[in-house]
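Please take a moment with the sequence and the model below before reading on.

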Amino acid sequence: MTVRHPIPPLYDSSSRVLILGSFPSVKSREGLFFYHHPQNRFWKVLAALWDAPVPATVPERRAFILEHHLALWDVIAACDIEGSSDASIRAVVPNDLGPILAEAPIERIYCNGATSATLYRRHQLPRTGIPAVQLPSTSPANAAWRLPDLVEAWSVLREVV
């Protein structure tokens, strides 16, 4: 079944790092915000990078992203997907990253996980010409990575912002 991305991109004119996921999970689609599943470690990782409390509400999360000059979105605008499984993604329609790249001084693009990176290379890189760095997924499905290891890998974000 084809599902459309229900969450607008989050960025402003001071966003310097763009973090791209693949496509929102069922929980994120229900909550209408990025990394909304309580087991996803995305917010814990970012909070650890800046030695800050973990933002819990959507307004806190939105403020955290913008305060740290980050931008959030996903590679895919619509696709066929079963539940939240990246492995089931088919019939990809890519998001248009043009508005973010035109309106924000993005210096680097990072992909949250292998699926995001693969889809970025296939669907976005030819359009943007900007290489993206693959980071390990913060998804609970990526159980091989412990939180301290994720924080270490994601610390490259602090090199820019």
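Where is the place of Ser22? In this predicted model, Ser22 lies in the loop between β2 (17-21) and α1 (26-31). The points below describe the surroundings of this residue, and then the strands and a helix.

- Ser22 has a relative accessible area of 7%, and because buried means under 20% relative accessible area, Ser22 counts as buried.
- Leaving aside residues up to four places away in sequence, Ser22 touches Asp74, Val75, Ile76, Asp86, Ile89, Thr115, Ser116 and Leu119.
- Although Ser22 and Gln124 are separated by 102 residues in sequence, their C-alpha atoms are 12 Å apart in space.

**The sheet**

- Four strands, in the order β3-β2-β6-β7, make up an open sheet in which the pairing is parallel.
- At the edges stand β3 (70-74) and β7 (132-135), and each has a single partner strand, so one side of each is left without a neighbour in the sheet.
- On average, and with direction ignored, neighbouring strands of this sheet are turned by 25 degrees against each other.

**Pairing and packing**

- The strands β2 and β3 run parallel and are joined by five bridges, and Leu20 has Trp73 as its bridge partner in β3.
- Helix α5 (residues 114-128) packs on the sheet, where it touches β2, β6 (108-112) and β7, and the direction of α5 makes about 130 degrees with that of β6.

Conventions
Residues numbered from 1 in each chain as written. Predicted model: local features only at pLDDT ≥ 70, side-chain atom pairs only at ≥ 80, totals over all residues. Heavy atoms only, no water. Helix = DSSP H or I, 4+ residues; strand = E, 2+ residues; numbered from the N terminus. Buried < 20%, exposed > 50% of the residue type's maximum accessible area, 1.4 Å probe, protein only. Contact = heavy atoms within 4.5 Å. Pairing = 2+ DSSP bridges. Axes fitted to C-alpha atoms, helices over the stretch in contact; angles between N-to-C directions.
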